[in-house]
Amino acid sequence: MNKSIILAVSFMLSGMFVSAQTLDKQAPQGFDIENQTISHGKIDTIQYASKTVGTTRKALIYTPPGFKKGDKYPVLYLLHGIGGDEKEWFSQGKPNVILDNLYAQGKLTPMIVVLPNGRAMKDDRSTGNIMAPDKVEAFATFEKDLLNDLIPFVEKKYPVKKDRENRALAGLSMGGGQTQNFAFGNIDKFAWLGAFSSAPNTKEPNQLLPNPQEALKMKLIFISCGDADGLMPFSKRTSDYLKKNKIPHIFYIEPGGHDFKVWKNDLYIFSQLLFKPVDKTKFDGFTVLGTPAATNIRNAQYPQILPDGRVMFKVKAPEAQKVQIDLGKKYDLKKDADGFWTGTTDAQSGSFHYYSLLIDGVAVADPSSETFYGMGRYASGIDIPFDGDDFYALKDVLHGDIRIKNFYSKVTNSWRRVFIYTPPGYDQNASESYPALYILHGGGEDESGWANQGKTNLILDNLIAEGKAKKMVIIMPDANIGQSGLRNFGERNLQMFERELKESIIPFAESNYRIKKGKENRALAGLSMGGIYTLYAGIQNSDMFSSLGVFSSGYMLPMLQDVADKQYKFLNENKSAFSSNVKNFWISMGGKEDIAYENGQKMLKELDKIGIKYSYRDYPGGHSWPVWRDSLHQFAQELFK
């Protein structure tokens, strides 16, 4: 039996179990070393007439082991970087060696690979100033050369399948940008896309895909980059755009920089996925590494968030005996020879999460993460992105300011701190005054919560820029007053904070900032514990506020049953005044998983009995900051209109 027959049989058998085999996440050692004991493909130089350039151009072509002119093959067009030419992949990337080894293991669908020169100009050598404008422009010109000259030549001279489902385009660096520009721009020509470490020639996502749903026609979108590559933002912005528009794709992040060590690994992984069925539901779990969390301190690479919501941790503690991550539950980390402890959590919900390191049983903040006052102490925090979180993204709009001030409270006989948001243009328009929203944090948090965890400034900046909310000043005071813990919810503390709000916070704000007076220019809101404070102070003083916002709250029963009964009695007796004063009574919950849900529903029933009108919003997410950010986003749009 000759080699070609043996090879054909091995391909047939491999196809029977390819769906069951587990694809390597990284190339194993030796994947790019030539093996003399296996069959090899063939590399040839081809020449084709280019009407686009007006000359004869060269490319390399690889035909697989066992190649037969009587068979039909799919084609991968593999593009080089800005400093290379048609020989760059062959001389530095060893594609023939990598593919030969994969064929020998039965891991590839037989294919032809074309390695063209992506610099479409008469003098297409990578000499002189490779950044000269005419040479850079030639990389864009190559789109016409590829589509109108090279592909027709290959399809005429070689036994290839000519439909888009059997045509792939991939490239590194400048070639990665070309791949995205050409493949997304010609979805009728290409069904498989591999962009490795794409360079700045990559078009902006909305130019690449003005109609993103067209990308659903692609069989595979594979975007990759080394974690230490300075060009990462160009790959990430495309992935972010695809994710936002729910386009399945692989965003493959691997260890490494901008070099052939990364690109050889990319080819090893990408080529195994080509021209066979792929399970798009598994794409999110495909990558080796994740992206550093937005809540990391400057330059910290860990924790990293994987596309499926899992979080990877890497902590250096060489003297520790045991290290865990407390994120929803405790996860044991494993120690390596260099004293680093690593581990990956289960998938986390799209939300803001507090977490701690447990080093030999002691809970400490992660030195790689920003810290937030929550859980009654400073703790690390991590924001897991999710669909729909764009409303608090940092955007290119006019921005307001967060100011931190101290004032002396005669109610508590102590200095108190307050965070204050002033809208865009506040300092420039000294004659303009604004309405004010007083917004309260929850239990275990403080006056920094709405500014830091809550993203108040970004939410309002974006709403104001979109014309969806009035310009306003937002006052974020410290609602922790009197006794701490559960006693913070007691009637004595409620009364004490009501006094501080009326006698200290509002007077301080209105005397130090250009704030319009009168209830029609004043709103009060709060989350969880702050929602209870809002209910108490707002109901008792409806002549001071035109809007009340209660987020994930309601009287804590049975602990506050007496307080609740008094409040409902007061509302019943003053229903007409309350309804006349409070034009917008806005209540929200984080779905049935919100720990305040049952108490909230009981409150709504009581309000219905009394005949108090309110607006209600149920937003899934439980008792968490994404719910409260959404509540502020919605509530602010209703204010002062």
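Modeller: Buried means under 20% relative accessible area and exposed means over 50%, with partly exposed in between (1.4 Å probe, protein chains only). This model is predicted: local features need pLDDT of at least 70, side-chain atom pairs count only at pLDDT 80 or more, and totals for chains, interfaces and linings use all residues. Residues are numbered from 1 along each chain as its sequence is written, and side-chain values use heavy atoms, leaving out hydrogens and water.

Colleague: What makes 561–573 helix α13?

Modeller: A helix is a DSSP run of H or I, at least four residues; a strand is a run of E, at least two. α13 has 13 residues. Its span is 18 Å from first C-alpha to last, close to the 18 Å expected (1.5 Å times one less than the number of residues).

Colleague: Which residues of α13 are buried?

Modeller: Val563, Ala564, Gln567, Tyr568 and Leu571.

Colleague: How do you know that they are on the same side of α13?

Modeller: Because they cover an arc of only 130° around the axis. The arc is taken from the directions from axis to C-beta atoms. Asp562, Lys569 and Glu573 are exposed, on the face turned away from the buried side.

Colleague: What do the buried residues of α13 pack against?

Modeller: α11, α12, α14 and α15. Contact means heavy atoms within 4.5 Å.

Colleague: Why are β20 and β27 called edge strands?

Modeller: Pairing needs at least two DSSP bridges. The open sheet has eight strands, with mixed pairing, in the order β20-β21-β23-β22-β24-β25-β26-β27. β20 (401–409) and β27 (615–618) each pair on one side only, so they are the edges.

Colleague: How do you know that β20 pairs with β21?

Modeller: They share nine bridges, in the antiparallel sense. Arginine 403 stands opposite isoleucine 420 in β21.
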